[in-house]
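Open the model in your viewer and keep the selection tool at hand. The stops below go from one selection to the next.

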Amino acid sequence: MFYNTIKTFIQGGNATLPLGPSMHMLAAAQSGALTLVLTNPIWVVKTRLCLQYGGADGKSAEYRGMVHALAQIYKEEGIRGLYKGFVPGMLGVSHGAIQFMTYEEMKNCYNEYRKLPIDTKLATSEYLAFAAISKLIAAAATYPYQVVRARLQDHHHSYQGTWDCIKQTWRYERMRGFYKGLVPYLVHVTPNICMVMLIWEKLTN
């Protein structure tokens with residue numbers, strides 16, 4: 001995980017050194033930006049494959065798979081096509097920043113409350129609880145950017161840019177439009193992030 005690598009670097013290898021909320025957010029923001037640069041084309045392809053319902057003739061699919069989609073998007077739209085939704089994605093870096101900052105601060109405060117060093121290992125249930133709470137807080141604060149990014153990547157609709165997508169969503173759907181799909185998103189990602197954080201904590205024990 002980029003986050004933990006950057007965090008360890010900032011701490012100079014001293015896991016007992018408290019970073020504070022601002023440094024936790026900085027480490028998470030840096031790791032999030034790097035991850036987005038590497039994965040945005042994959043998100044574009046995923047969105048296109050999920051939303052396609054036939055080609056120009058209404059029968060054949062426009063993309064035959066992931067590799068074909070990558071090649072076609074690059075051929076027809078260039079590198080810019082593979083990075084559609086990148087701007088709201090960069091705003092979404094705040095999601096990871098809020099999530100990891102909340103997770104780390106909850107762990108630290110909990111150990112300080114117990115009068116233990118901040119790197120004291122917790123019980124499995126405690127890791128799971130802190131991971132779930134931090135994901136819920138981050139999702140509630142930043143989910144709208146995912147809606148905007150997905151709509152910008154949808155090749156069946158045309159927006160003039162990020163701001164135009166935001167204005168149209170607000171105009172026709174109001175706040176509810178920015179939180180469409182939130183429940184299935186949480187059902188999908190919350191168990192996932194809980195297991196990821198738990199496995200990481202156990203491996204670094």
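A salt bridge here is a side-chain nitrogen of Lys or Arg within 4 Å of a carboxyl oxygen of Asp or Glu. The model is a predicted one, and a search of the whole structure finds 7 such salt bridges.

**Stop 1: E201 and K121**

Select E201 and K121. They form a salt bridge, with 3.6 Å between the closest N and O atoms. E201 belongs to helix 9, whereas K121 sits in the loop between helix 5 and helix 6, so the pair ties together parts that are 80 residues apart in sequence. With a relative accessible area of 5%, E201 is buried. K121 is partly exposed, at 32%.

Salt bridges with shared partners join E104, K107, K121 and E201 into one network.

**Stop 2: Y127 and the cores**

Keep K107, K121 and E201 on screen and select Y127. Which residues does Y127 touch, leaving aside those up to four places away in sequence? The contacts are Y103, K107, K121, L122, L198 and E201.

Y127 is also part of the largest nonpolar core, which has 13 residues. Select Y103, Y127, A131 and M197 together: these touch the most other members of that core. Colour helix 5 (93-113), helix 6 (124-142) and helix 9 (182-203) next, as these are the elements that give two or more residues to the core.

There is also a second, separate core, made of 7 residues. To find it, select A139, V147, Y185 and V189, which are among its members.

**Stop 3**

Select K180 and E173. Their closest N and O atoms are 2.7 Å apart, and the two residues form a salt bridge. Both ends are partly exposed: K180 has a relative accessible area of 47%, and E173 has 24%.

Move to E77 and K84. This salt bridge has its closest N and O atoms 3.2 Å apart. E77 counts as partly exposed at 28% relative accessibility, and K84 is partly exposed with a relative accessible area of 34%.

**Stop 4: positive phi angles**

Select K115, in the loop between helix 5 and helix 6. K115 is not a glycine, yet its phi is positive, at about 60 degrees. Is K115 buried or exposed? Its relative accessibility is 75%, so K115 counts as exposed.

Then select R174, which is placed in helix 8 (residues 162-177). R174 is a residue other than glycine with a positive phi, near 60 degrees. The relative accessible area of R174 is 46%, which makes it partly exposed.

**Stop 5: the cysteines**

Finally, select C50 and C165. How many disulfides does the structure hold? The count is 0. The closest cysteine sulfur to that of C50 is in C165, and because the distance is 17 Å, the two are too far apart for a bond. For comparison, a disulfide requires a pair of cysteine sulfur atoms within 2.5 Å. Seen from the other end, C165 is in no disulfide, and its nearest cysteine sulfur is that of C50.

Show the surface to look at their surroundings. C50 is exposed, with a relative accessible area of 57%, whereas C165 is buried, at 0%.

Technical notes:
Residues are numbered from 1 along each chain as its sequence is written. This is a predicted model: local features need pLDDT of at least 70, side-chain atom pairs count only at pLDDT 80 or more; totals for chains, interfaces and linings use all residues. Side-chain values use heavy atoms; hydrogens and water are left out. A nonpolar core is a set of buried Ala, Val, Leu, Ile, Met, Phe, Trp, Tyr and Cys residues joined through side-chain atoms within 4.5 Å. Buried means under 20% relative accessible area, exposed over 50%, partly exposed in between (1.4 Å probe, protein chains only). Helices (H or I, at least four residues) and strands (E, at least two) are DSSP runs, numbered from the N terminus. Contact means heavy atoms within 4.5 Å.
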